[in-house]
Amino acid sequence: MTTSQHHANAELAIEVHGLRKTYGSHDAVRGIDLQVASGEVFALLGPNGAGKTTTVEILEGHRTRSSGQVSVLGHDPGLNDRAHKQRVGIVLQSTSVDQYLSVEETINQFRGYYPQPLPLEDLLDLVGLRDQRRERVKKLSGGQQRRLDVAIGLAGNPELLFLDEPTTGFDPAARRGAWEMVRGLKSLGKTVLLTTHYMEEAEYLADRVAILVQGQIVAEGAPGDLALRDRTTTVRFRLPDDAPSLPNELPATPDGSGAYLLAADNPTRTLHSLTAWAVENGIELEELTVTHPTLEDLFIELVGETGGSEE
Amino acid sequence: MNSIMLALRQVRYENSAFWRNPAAAFFTIVFPLMFMVIFNLIFGSQEVTDESGNTYNLSTFYVPGIMVFAVVGATYTNVAMGISFARDGGLLKRMRGTPLPSWSYLAGKIVHSVLLTVLLVIIVAGAGWLAFDVDLPTTKLPSVLLTLAIAAATFCTLGLAVTSIIPNADAAPAIVNASILPLLFISDVFIPLDDAPVWLTTLADVFPVRHMALAMHSAFNPFEAGAGFEWAHLLVMAAWLVAGALFTIRFFRWEPRR
């Protein structure tokens, strides 16, 4: 590692070119390019078996790659370098810690591995385990154990944090809490690489997302832009049986359940025409809704019915 | 902080966790002591005959025998179980993602096992001396300590080595116990093998447990003069130590196999 190399990549926390990983005859990752800027929250989305975890574990240094170039904070994570590991925090998908140590002891144990750890009190507050600090790990709930995982990942005050499915198995309230925590990390200037299969999570947290299907990135961008890509807002409503037919400028199509769908490039104008027509004809538009396209719509479109395979 | 300090800090955490885990503390510490009391109550007054035809009281047989059992439990069983469970829960993998050198983590577990060994040997020797009137081999003390040191190193290494053939935590107790309990029974640990068929003792001689037991018995045997060094037995244990170390280096896994 040279200084010039480090400086060249200073604004990019992660840079990946043509990454491939083959297990026997199975191609888990088939040529991925990724760039994650410093201070960015980046989400990797994909169905089970899409290669998310394989990709992240290569970036973490837990797996070797078959080919391609990988640079994490200017280092090749495959080199297993101690100095590099001091700058990176890893929260794996399912890992335990010693069940018989307390929350505080466990965090301190991991803090001890790093030259400049975050203060214990800050970590307890960040993950909301202050009240459980003297509890044995064994006694924590699933959500609390996951928060402890995050505290351990942050113990060394890393520049970059990997979060592999941080909220899987959380109830909605715990998930909200975890999201606020990740937002807090962003405000501290940390770069976060997150994998998830919850679309709302990616929409809420990520500056940019990449959707991974069968080992390849099929879409990448800011969640809002991606959701809007090639798709429009939809207006949905029902008409009474005796309603007159719709005018030509409102080309609604029946959705099969008796309601009508109207694609709206310009939702304000469309809605205005529709309601004006309805008032004019004395019609009540039942169940009138306007739906904004979501990341989930795009995801389902991209993954299709056969895109996901069980792990 | 340097790697040795990190390893020593690891020992402290291992120790706190060990004493709070009732199952670990019971099987490692209480079990051998319970065996010592039971065997002494049942057979303590009977006699054992050594190779030269001298007879002595079975209590003198049981103190070194139970020491072997305790050392094997605190090292081989303890290390193999501890590492298998840590690996299964993903703890080894998590450690690999931190700047802690991998060996420091394993060293923490091993040093802790050795400390447990020292504690157990002192308790067993003390109890034998106080409660069962066994003479401790003060003149052969260097040989006892050397035997214990080589044995602890060997069985810790074999405990590490066996984790390579343990696929996951569910299989750990079965593989660890199945590999060690039969050996303990055919290795002069609980029962003197005076009347055993030759093929059985020949089989037992292949493995390190009987060599540790014979070296310990020889040190405690009041009729055996000299310093008590049993070089042949120590050499067999050392050979297993080297084999176990090579096997570990080649096959050790940081993640479970499903």
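This is a predicted model: local features need pLDDT of at least 70, side-chain atom pairs count only at pLDDT 80 or more; totals for chains, interfaces and linings use all residues.
1. Over all chains, the aromatic pairs come to 20. One of them joins Phe61(B) and Tyr62(B), whose ring centres are 5.5 Å apart; their planes meet at 80°, so the pair is edge-to-face. Phe61(B) is buried, at 3% relative accessibility, and Tyr62(B) is buried as well, at 2%.

2. Please look also at the cluster that these two rings belong to. Ring pairs link Phe61(B) and Tyr62(B) with other residues, among them Phe26(B), Phe27(B), Phe31(B), Phe35(B), Phe39(B) and Phe43(B). Phe69(B), Phe185(B) and Phe190(B) are also members of the cluster.

3. Met216(B) is worth a click next. This residue lies in helix α9 (residues 208-220) of chain B and is buried, with a relative accessible area of 0%. Beyond its neighbours within four places in sequence, Met216(B) is in contact with Pro64(B), Met67(B), Val68(B), Val144(B), Thr147(B) and Leu148(B).

4. Now for the interface. Here 27 residues of chain A are in contact with 24 residues of chain B. The area buried between the two chains is about 2400 Å², and carbon and sulfur atoms give 52% of it. Arg82(A), Tyr100(A) and Tyr113(A) supply 28% of the area that chain A buries against chain B, more than any other three residues.

5. Which polar links join the two chains? There are four salt bridges between chain A and chain B, including the one between Lys93(B) and Glu57(A), where the closest N and O atoms are 2.4 Å apart. Polar contacts between the chains number 12 residue pairs, both residues being at pLDDT 80 or more.

6. On the side of chain A that touches chain B, the elements giving two or more residues are α3 (82-85), α4 (103-111) and α6 (142-154) of chain A. The largest share, four residues, comes from α4(A). By type, the residues of this side divide into nine nonpolar, 10 polar and eight charged.

Conventions: Residues are numbered from 1 along each chain as its sequence is written. Chains are lettered from A and ligands numbered from 1 in the order in which they are written. Side-chain values use heavy atoms; hydrogens and water are left out. Contact means heavy atoms within 4.5 Å. Buried area is the accessible area (1.4 Å probe) that two parts lose on being put together, summed over both. A salt bridge is a side-chain nitrogen of Lys or Arg within 4 Å of a carboxyl oxygen of Asp or Glu. A polar contact is a pair of N or O atoms within 3.5 Å; within protein, one must be able to donate a hydrogen and the other to accept it, and residues adjacent in sequence count only if both atoms are side-chain atoms. Ala, Val, Leu, Ile, Met, Phe, Trp, Tyr, Cys and Pro count as nonpolar, Asp, Glu, Lys and Arg as charged, and the others, Gly among them, as polar. Buried means under 20% relative accessible area, exposed over 50%, partly exposed in between (1.4 Å probe, protein chains only). Rings of Phe, Tyr and Trp (its six-membered ring) pair if their centres lie within 6.5 Å; planes under 30 degrees apart count as stacked, over 60 as edge-to-face and the rest as tilted.
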